[in-house]
Amino acid sequence: MAASSSRLTRTLLRPPISALCPRAYNTTTTTSSTAPPPQRRAHIVRPPTYTGTFPRESDHDREVPRRHPRRYPSGEFQRHPKKRATGVSDTIAPKLGPGELDTIYSEELFVFRCDITATQIEAAMVAYPRLRDLGVLKADDISNLARQLHAVARLFRVRHRLQEVSAHIAMLTEDLEAERIPGHPLASVHLMSCMKDLSMFDEANAFWGWLKEQDTNHCDARVYGAAIEVFAYQGVPLPELEDMYQEALERFQTTTLPAVADATGLGVPVMLLQAVITARLFHGDWRAAYEAFDHCMRLYPALTPSRIYELFIYERPVREAYIVFLMACRAGRPPAPAVLTPLMKEVWLKTWDVRALLRLVYNFVGAGGKPESNHLNVLIAALMGSMPRADTDDARALSHTMALIRRLIDAFALLGVKITVATFNTIISLGGQFGRADLVQAGLKQLLSAGLTPNMITYRVLLNTIADLAPPPPPPATTTTTTSSSTPPTPPAADPDDIAQLTEVWGMLVDARRALGASWELQDWQAFTRAALALNQLPFVRSELEAHKFDMEPGLHRAAFDHLAAATNAPRAPRERRHPDPATPLSKTQLEAEVQMLGTIFASPRIRDFAAVPSGELFLLSPSKLPEPLDPAHEARLRRLYDALATPAREGEPETLTPTGYTLPALRWANWLAVNTLLFEAEVAERESMRGFGHEGEGGPGEKGERRGKALGGPDKARAVGYELRFWNEDRAKARIEEVVRMREKGEQGWRGAEMEVRGGLAAGVPVVPGGGAVGRGGVGGRGRVGGKIL
């Protein structure tokens with residue numbers, strides 16, 4: 001999460017869409033020399049994922065092509081009739097139509113389609129110019145080719161492959177604009193998204209300028225969604241992106257009125273919802289983003305794409321990311337394994353809650369996810385971190401922890417995750433960081449008993465462990481006068497056993513390098529220097545550098561000597577041994593129960609029955625800021641509000657079970673409660689962030705606001721802290737909720753934004769901010785205002 005100061009900087013530097021795309025907005029292309037360049041959120045790093053294909057339209061259902069969309073006299077776009085979508089087998093599976101079988105180019109066309117299906121892009125692009133010139137390519141061919149180009153750009157992050165993909169994209173866009181090949185909305189979506197992933201923003205802006213004026217053979221609401229994401233990555237202001245979203249609703253909404261579609265999500269393609277979520281999250285408008293997310297959770301409770309969940313996991317604080325990840329698992333749409341690893345690390349660093357990590361993993365696997373060795377390594381680190389400190393318990397705690405680790409290893413092995421040397425390297429490294437020699441010895445013993453051979457990293461880790469376990473340096477001498485000729489205090493003599501251990505480990509590293517013919521790395525000498533410095537054995541390092549200088553590259557030898565010189569001159573500071581300090585440590589019984597649950601789910605061939613998980617237990621994260629699970633009376637009141645506020649998704653929906661054990665109505669109700677919790681956590685996180693940065697508000701500004709917050713007591717404290725007094729002013733809460741219900745029944749504009757402001761308080765029993773917040777939806781768009789005030 002970016003700090004508020006960096007967010008403000010990006011806001012000031014955001015260019016308007018008209019400056020990026022003059023073709024679409026009829027503006028001049030002259031720019032000032034002082035205009036800032038387009039800004040992109042380069043700090044957002046996401047693992048490559050492929051979102052799959054959505055239903056597409058067949059040729060015979062399309063309208064007669066028109067060069068430009070018609071508009072009403074008022075300037076509004078004419079709405080296009082909705083067309084039937086074909087299935088995946090009609091568009092992706094390589095086959096020839098009745099009119100293509102007896103032609104002279106049938107074999108070449110069939111091979112071209114097979115190459116696309118097999119992601120043989122280079123072979124397909126060799127045949128593409130000839131088939132294009134023959135005029136035999138169909139819209140589905142172009143769509144599938146663009147889709148596979150997008151997949152290659154995401155999965156193969158190699159420079160020369162990306163350059164080839166860029167050239168192919170340029171050829172396709174040029175042919176589309178010249179009308180040499182038929183268009184397809186999904187082809188436009190993939191081309192725009194691919195240009196976004198490759199940072200081809202100038203090309204994407206120019207292509208959108210042409211697409212915006214085309215008919216539904218090239219442009220629809222999904223293409224608008226891809227364009228919104230492209231402009232969001234360039235930092236275009238949120239109001240302009242919201243205007244694009246409204247324009248897409250007005251132009252392509254056929255089932256409901258645009259205002260109804262905006263308030264309920266009915267008839268809005270999921271790609272468009274994903275785009276507006278992206279734009280709102282990038283601009284910090286979290287409340288509006290959760291509104292669109294609430295649409296997805298209600299309309300597509302078991303079919304929301306994983307990418308939408310991932311947006312919140314990457315862009316929101318860790319407590320919200322934790323809940324969203326588990327919502328994805330409960331819906332049977334677990335994110336990619338690469339998403340789970342950084343989330344586990346972040347949850348551990350922020351909460352020290354080993355139970356939360358175990359629940360993330362076994363719910364991920366219970367929803368159909370495939371675990372990886374990185375997940376096992378993080379769990380092992382967390383279990384070791386949950387051990388008592390070295391001076392409180394000893395052999396029994398170590399034995400208990402290693403037994404749990406062995407059970408984890410066995411459970412992962414059931415799903416094909418083999419134990420590797422890296423797992424034991426983690427144990428050894430953490431033993432040194434925690435100052436526990438017994439963990440280091442246990443890790444080495446387990447590594448050898450597993451039949452594995454230590455690798456280069458193992459020896460390097462052992463060298464760092466020697467430095468971690470070495471006696472701390474003596475405190476600096478206090479003298480009345482200091483001169484430039486003063487010498488640092490002489491360190492105590494090292495233990496001969498420690499020196500022998502250093503010599504032995506270094507010798508094993510040298511022998512392994514020689515046996516494998518592996519070249520030296522700077523990290524080897526850095527670890528060696530650190531261990532020798534801790535034991536006052538720097539002459540040993542100098543002699544080894546001289547002995548191996550002909551085995552090293554000259555640049556590496558010079559860098560190793562420079563590092564040694566810097567370490568010699570720098571004062572040795574004592575290393576702070578970190579040890580996790582969880583807010584609510586688990587007992588042995590609780591920890592064993594969680595590990596047992598993980599083993600049971602890993603051994604089961606079935607998807608987990610999430611409907612059987614008690615209410616309020618799934619999202620529990622220490623320290624909890626919410627009350628215990630809802631009592632029946634309060635849950636009944638919430639159910640009545642849900643029935644009054646939630647728009648029915650479908651009439652007469654069958655009571656079929658999802659793979660995770662929910663009926664669709666029950667899953668919608670559970671999602672509604674979860675979104676309430678997310679809004680509560682977001683409100684708390686924003687108020688804590690504002691207080692931390694000394695912003696104006698309930699707890700600011702600066703020192704004055706801090707003193708005021710500490711002095712508050714009674715009901716006023718809820719304004720400064722946010723959640724300690726959860727049941728303050730319950731009558732006001734009921735009045736606000738009833739007002740939202742009346743607004744919805746009367747069809748007043750803004751009822752949806754007012755609802756999102758109220759629902760955060762429902763998770764804790766009352767609104768977090770009595771009387772409404774100081775700003776609109778998230779404080780950016782102001783879309784939650786009704787009649788000039790916040791309800």
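Asp353 caps the N-terminal end of helix α19, with a side-chain oxygen 3.2 Å from the backbone nitrogen of Arg355; a polar contact here is a pair of N or O atoms within 3.5 Å, where within protein one atom must be able to donate a hydrogen and the other to accept it, and residues adjacent in sequence count only if both atoms are side-chain atoms. Helices (H or I, at least four residues) and strands (E, at least two) are DSSP runs, numbered from the N terminus.

This is a predicted model, in which local features need pLDDT of at least 70 and side-chain atom pairs count only at pLDDT 80 or more, while totals for chains, interfaces and linings use all residues. Residues are numbered from 1 along each chain as its sequence is written, and side-chain values use heavy atoms, with hydrogens and water left out.

Helix α19 covers residues 354-366, and its 13 residues should span 18 Å at 1.5 Å a residue, which agrees with the 18 Å between its end C-alpha atoms; the expected span is 1.5 Å times one less than the number of residues. Of the 13 residues of α19, 13 are buried, where buried means under 20% relative accessible area, exposed means over 50%, and partly exposed lies in between (1.4 Å probe, protein chains only). Gly368, with a positive phi near 110°, follows the helix. In the loop between α18 (337-351) and α19 lies Trp352, a residue other than glycine whose phi is positive, near 55°, and which is partly exposed at a relative accessible area of 23%. Asn536 also has a positive phi without being a glycine, at about 60°; Asn536 lies in the loop between α26 (522-534) and α27 (538-547) and counts as partly exposed at 43% relative accessibility.

**Cores and cysteines**

The largest nonpolar core has 158 residues, and those with the most contacts inside it are Phe112, Met192, Trp208, Phe293 and Leu360. A second, separate core of 31 residues includes Tyr459, Ile466, Val505 and Met552. Such a core is a set of buried Ala, Val, Leu, Ile, Met, Phe, Trp, Tyr and Cys residues joined through side-chain atoms within 4.5 Å. The structure holds zero disulfides, a disulfide being a pair of cysteine sulfur atoms within 2.5 Å. Cys329 is buried at 0% relative accessibility, whereas Cys114 counts as partly exposed at 27%.

**Aromatic contacts**

Rings of Phe, Tyr and Trp (its six-membered ring) pair if their centres lie within 6.5 Å, and planes under 30 degrees apart count as stacked, over 60 as edge-to-face and the rest as tilted.

| Stacked pair | Centre to centre | Angle between planes |
|---|---|---|
| Tyr290 and Phe312 | 4.9 Å | 20° |
| Trp669 and Trp672 | 5.8 Å | 15° |

Tyr290 lies in helix α15 (residues 286-299) and Phe312 in helix α16 (residues 306-315), so their pair ties together parts that are 22 residues apart in sequence. Tyr290 is buried, with a relative accessible area of 0%, and Phe312 is buried, also at 0%. Trp669 and Trp672, three residues apart in helix α31 (residues 664-692), are separated by about one helical turn, and both are buried. One aromatic cluster is formed by Trp506, Trp520, Trp525, Phe528 and Phe540.

The charged end of Arg639 sits over the ring of Trp669, 4.9 Å from its centre, and that of Arg608 sits over the ring of Phe610, 5.6 Å from its centre; the criterion is that NZ of Lys or CZ of Arg is within 6 Å of the ring centre and within 35 degrees of the ring normal.
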